[in-house]
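Biologist: I'm new to this one, and I'd like to learn how to read it feature by feature. Could you walk me through it?

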Amino acid sequence: MRHLILLMLSMGICHAAPLTGVDLKLVSDTTAVEASKPFTVGLHIHHHKGYHTYWQNPGIVGVPTDIAWTLPPGFTTDPIQWPTPEVVDMAGHPAHGFHRDVLLMVQITPPSEITSKDITLRAEINWMACAKTCHPGNTSLSLTLPTGKTTPSVSRPLFKKAKEELPTPLANWSVNLLSSPSSPTIRLLLVPQAHPPATLENLYFFSSDGQVSSDRPQKLSPQVKGAYTLILERSEYGPEKASHLPGVLSTTTPIAKNGDLAARINPAYSDKNQPVTP
């Protein structure tokens, strides 16, 4: 990924232009902050027509959006809750990101005691917005909230929609890795647990840690009893000695028990590396 970014910079494809291609704002799901009571803040990204930003693992090209927080003493944050990504294109290079508007949610936990009348959350945002050209950006945002009893904010519908876009753990399929961590080909066996088994169409795997890059072909092969094998090529830039294969499976037909078109998986590599029969 980095070598392509450097190549793009050397070709003049990327131009530093803050807020080009996007509008950004911080929103909260509550109108006030209460001691010890977690709440959620989100970075809302509105993409201008034709632009996209990037997922936590962009793939062969791109830079993920990053939020660096400066909080009052005693406040802590959880990692970004990433929505299900899309396949995006940058100068002919497929990548993982978002064309649609998204809310990157972060849970914040206050300390057990708050003495001030209000608190200010500050965030340093870094991102890359791409269309025909790429525009790295950086800006500082802040959000001030009073302290006291929490009540739902007017942004609650935005958070409700964002939660619906989070991939849930895959529950109605068993997923087994049939390959070793060092194998150049990764084979995933998906066996249905529901009857009748669902039909998977246009199944795509978004690799969270870069074991499978966005420019690698993916092949879905039907097996007996409604099972499928997903064949992936391992990226030479992925992590070494991985114990699991984390990521998101996305389809154009429901794959999750609740009818969602995406679900999280994190199957473990087996030392024995024995195929599992459907």
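Biologist: Let's begin with the core. Which residues touch the most other members of the largest nonpolar core?

Modeller: Keep in mind that this is a predicted model. The largest nonpolar core has 33 residues, and Leu43 and Trp69 touch the most other members. Several strands each supply at least two residues, among them β1 (22-28), β2 (39-47), β4 (66-70) and β8 (102-109). The largest share, 6 residues, comes from β9.

Biologist: What is Leu43 in contact with, leaving aside its neighbours within four places in sequence?

Modeller: The list includes Leu24, Leu26, Ile67, Val102, Leu104, Ile125 and Leu141. There is also a second, separate core of 22 residues, which includes Leu177, Ala242, Leu249 and Tyr269.

Biologist: Now the rings. How many aromatic pairs does the structure hold?

Modeller: The general idea is that a pair of aromatic rings is described by the distance of the centres and the angle of the planes. This structure holds 3 aromatic pairs. Take Trp55 and Phe206: their centres are 6.0 Å apart with 70° between the planes, which makes the pair edge-to-face. Trp55 sits in strand β3 (residues 53-59) and Phe206 in strand β14, so the pair ties together parts that are 151 residues apart in sequence. Trp55 and Phe206 are both buried. Together with Tyr204, Trp55 and Phe206 form one aromatic cluster.

Biologist: And how does the pair of Trp173 and Tyr228 look, in distance and angle?

Modeller: That pair is tilted, at 6.2 Å centre to centre and 55° between the planes. Trp173 belongs to strand β12 (residues 173-177) and Tyr228 to strand β16 (residues 228-233), so to speak two distant parts of the chain, 55 residues apart. Trp173 is buried, as is Tyr228.

Biologist: Which strands stand at the edges of the open sheet?

Modeller: Let's take the order of the sheet to begin with: 4 strands run β11-β18-β17-β14, with mixed pairing. β11 (168-169) and β14 are at the edges, each with a single partner strand, so one side of each has no neighbour in the sheet. Inside that order, strand β17 (residues 247-250) and strand β18 (residues 262-265) pair in the antiparallel sense over 4 bridges.

Biologist: What should I look for in the backbone angles?

Modeller: Most residues other than glycine have a negative phi. Lys225, though, has a positive phi near 60°. Lys225 lies in the loop between β15 (218-222) and β16, and counts as exposed at 68% relative accessibility. Phi of Lys241 is also positive, near 55°; Lys241 is placed in the loop between β16 and β17.

Biologist: Last topic: how many salt bridges are there?

Modeller: Side chains of opposite charge can pair when their charged atoms come close. Here there are 5 salt bridges. In one of them, Glu86 meets Arg100, with the closest N and O atoms 2.8 Å apart. Glu86 is in strand β6 (residues 86-90) and Arg100 in the loop between β7 (93-98) and β8, so the pair ties together parts that are 14 residues apart in sequence.

Methods
Residues numbered from 1 in each chain as written. Predicted model: local features only at pLDDT ≥ 70, side-chain atom pairs only at ≥ 80, totals over all residues. Heavy atoms only, no water. Core = buried A, V, L, I, M, F, W, Y, C linked by side-chain atoms within 4.5 Å. Buried < 20%, exposed > 50% of the residue type's maximum accessible area, 1.4 Å probe, protein only. Contact = heavy atoms within 4.5 Å. Phe/Tyr/Trp six-rings, centres within 6.5 Å; stacked < 30°, edge-to-face > 60°. Pairing = 2+ DSSP bridges. Salt bridge = Lys/Arg side-chain N within 4 Å of Asp/Glu carboxyl O.
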